[in-house]
Structure formats: structure tokens, C-alpha cells
Amino acid sequence: IKEIKENSIIAEIGSVHDGSFGNACKLVELAKGCGADIVKFQTHIAESETIKHAPMPNYFKGEPRYEYFKRTAFSKEQWFNLKKICDDLEIEFLSSPFSIEAAELLQEIGVKKFKIPSGEVTNIPLIEKLASYCKPVLISSGMSNWEELDKAVNILIDKVDLTIMQCTSKYPCPPQYVGLNIFSELRSRYGSEFKLGFSDHTSTISAGIAAAALGAKSIEKHLTFSKLMYGSDAKNSLEPDEFVCYSKSIKEVWFMLDNPILKNQIDDFHDIKRVFEKSIFASKELASGSEINFSDLSFKKPGDGLSAAFYKDLLGLSVKRDLPMGHKFTWEDFK
């Protein structure tokens with residue numbers, strides 16, 4: 001299937017690497033092999049992002065957040081090397097900054113675009129910083145009401161190539177909270193000067209496929225070696241075989257949307273129409289001069305004679321000659 005360059009499958013690695021640079025490198029390779037176009041990380045600088053005793057989310061209480069971010073963070077040199085590995089494998093490197101300092105680090109290593117995570121939509125200083133770089137931005141709307149999202153979008157929409165991603169910040173997200181209706185509401189609210197996207201936190205593949213059909217151009221899904229891995233993300237991620245299916249299915253939908261058909265162009269079906277459609281036949285012997293009634297007609301394959309669609313045009317006509325049962329009618333049979 002031909003790739004559509006403006007569309008992208010984003011493999012969200014998040015913190016699945018658990019601070020191991022080796023794991024992060026292998027996850028990049030895995031994402032590439034699973035069909036992702038972009039591999040996304042999270043850039044946490046603990047002292048710039050959180051106080052030491054900030055509350056933990058209910059879906060992961062394995063260790064305090066500050067210590068977790070500190071332990072799993074990469075150095076600037078490691079981020080440079082990780083981006084180089086992505087470049088060498090021809091998969092785009094992307095990361096979400098969770099502070100202004102993280103945004104500055106990512107800008108320094110030369111990212112092509114930025115991803116604003118759901119919890120940063122009200123972090124206006126960060127959003128203004130990202131807008132100043134004039135690089136494409138994807139913004140995830142999982143925790144935002146319309147007023148909050150409006151403020152962020154208004155800062156970005158005239159300055160950057162913007163993708164607004166429908167998202168629901170539940171881990172995992174039940175089907176009833178996916179919010180497929182939001183795609184049309186986003187388009188109605190913000191016009192056409194942005195791209196639609198979807199950040200998928202469900203545990204299956206159906207929501208991403210539906211999002212693609214509804215116009216999402218960037219679709220993000222968590223990827224892990226195994227759901228049994230330690231950390232906040234692994235159990236709500238797709239394993240490799242699942243991600244391959246996810247990526248393939250979504251790209252097939254994009255391919256379908258990129259190849260519209262014209263319903264009146266049926267030349268390709270001419271031969272098969274003859275096989276499957278019905279012609280009009282005589283249901284019994286007909287004497288010359290007989291006037292056709294409905295009971296005189298039967299409708300059978302193949303469809304290479306008078307189409308069954310025209311049966312009403314035959315009613316009341318008289319045949320020119322004796323016709324046997326099973327005769328396939330032509331217009332020349334009638335007076």
C-alpha cells in the first residue's frame with residue numbers, strides 16, 4: 001500500500017524503557033518494524049517539572065513521581081544519540097516536553113515537531129515557548145474542556161502547523177469514553193486550518209481504525225515489549241503483534257480514503273455483471289401474438305439479455321412468433 005506522507009502512525013514509547021537507554025534503542029527498532037512512522041518519547045526533567053511530593057496517578061503508584069522521573073530520565077547526550085538512531089533507521093524522532101527546559105533541550109537536539117501532552121494544555125508559558133519555535137505542533141486534548149483548549153489553540157493555530165488530537169486521559173480508556181463525536185466538533189469549532197489527530201488509550205485497535213475513517217491524520221498508540229513490564233505505560237500498551245495489526249489496518253483505511261471511486265464508472269464490472277445479474281426469460285411456451293403478463297416471465301442468470309430491471313416495459317406487449325419455455329427475450333421478440 002502506498003504511504004501517504006501527511007499521515008503518520010506514532011508509536012508512543014513513553015516511559016516503557018524504564019530509564020534503560022539500551023531498551024529505548026531497541027524500542028525504536030521495534031517501532032520501525034511494527035510499521036510506525038514516528039516514535040515518541042517523553043522528556044522529563046524532574047526538578048523543572050514537579051515538586052518532590054506531588055501526588056501519583058491512580059493507575060501507577062509504584063514509586064514517587066519525582067524519583068521516577070529522575071531515575072528514568074536521559075542525559076542530553078543520550079537524547080542526541082537517540083535521535084541519531086531514529087534518523088539512521090528513517091523513523092522520525094518525537095518527544096513530549098513536560099517543562100520549558102525540556103522544550104529547550106528538544107529544540108537543541110533538532111526535533112522536527114513537538115507534541116504537547118494532555119496535562120500541559122493549560123501550561124500557557126510552555127505553549128507560548130513552543131509557538132515561538134514555529135515548528136509543527138501536535139496537541140493532545142485528553143484533559144481539557146473547550147475553554148482550556150481554545151486558549152491553547154488560539155496561541156498556536158496562526159503560528160504553527162497544528163494537529164489537534166482527540167484524546168481521553170483514562171488508562172485504559174473504555175469504549176464509551178473514546179469520543180468519536182469530537183472529531184466533527186473540532187472541525188466545526190476551529191475550521192480547516194489544522195489537522196485532526198487521535199491519541200488512543202484504549203486497549204484494542206478499533207478506536208484507531210474509526211479515527212482514521214473520521215479524518216485523523218496522526219494516530220498515536222503506546223507500544224511495549226510486553227504488557228508485563230514494570231512502569232506506568234506498559235500494561236496499557238500494545239505488544240508488537242498487536243501494533244503490527246493496528247498499523248496495517250489504519251494504513252489500509254487511509255489508502256481507501258485516498259482512492260475514491262466514481263459509482264457510475266462500472267466498466268471494471270462489465271464481465272461480472274453478466275455472471276451475477278438476471279435476464280428476463282419466458283416462464284412457459286408462448287404462442288405468436290400472446291400478450292405478455294407477469295406470470296409469463298422468469299428472471300435468471302446470466303445477465304446478458306434484457307435486464308430484469310425492464311420487466312414492466314414488456315408487460316402488455318405481444319410476441320411476434322411462437323417462443324419456447326426458457327427463451328431469453330430480446331426486444332426483437334415483440335411487435
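A residue is called buried when its relative accessible area is under 20% (1.4 Å probe, protein chains only). The structure is a predicted model, in which local features need pLDDT of at least 70 and side-chain atom pairs count only at pLDDT 80 or more, while totals for chains, interfaces and linings use all residues. Residues are numbered from 1 along each chain as its sequence is written, and side-chain values use heavy atoms, with hydrogens and water left out. Helices are DSSP runs of H or I of at least four residues, and strands are runs of E of at least two, numbered from the N terminus.

**Helix α6**
- Helix α6 (residues 124-133) buries L126, I127, L130, A131 and Y133.
- These residues lie on the same side of α6, because they cover an arc of only 155° around the axis, taken from the directions from the helix axis to the C-beta atoms.
- They pack against β3 (92-97), α5 (100-109), β4 (114-116) and α7 (146-156), contact meaning heavy atoms within 4.5 Å.
- C134, which follows α6, has a positive phi, near 60°.

**Helix α3**
- R65, Y66, Y68, F69 and T72 are buried in helix α3 (residues 65-72).
- Seen down the axis, the buried residues of α3 fall within an arc of 165°, so they line one face of the helix.
- The packing partner of these buried residues is α2 (46-49).

**Helices α9 and α10**
- The axes of α9 (residues 206-213) and α10 (residues 240-257) come within 9 Å and cross at roughly 15°; they are lines fitted to C-alpha atoms over the stretch in contact, with angles from 0 to 180 degrees between N-to-C directions.
- The two helices are therefore roughly parallel to each other (angles under 35 degrees).
- G208, I209, A212 and A213 of α9 meet Y246, S249, I250, V253, W254 and L257 of α10.

Definitions and conventions: Buried < 20%, exposed > 50% of the residue type's maximum accessible area, 1.4 Å probe, protein only. Parallel < 35°, antiparallel > 145°, perpendicular 65-115°, else oblique.
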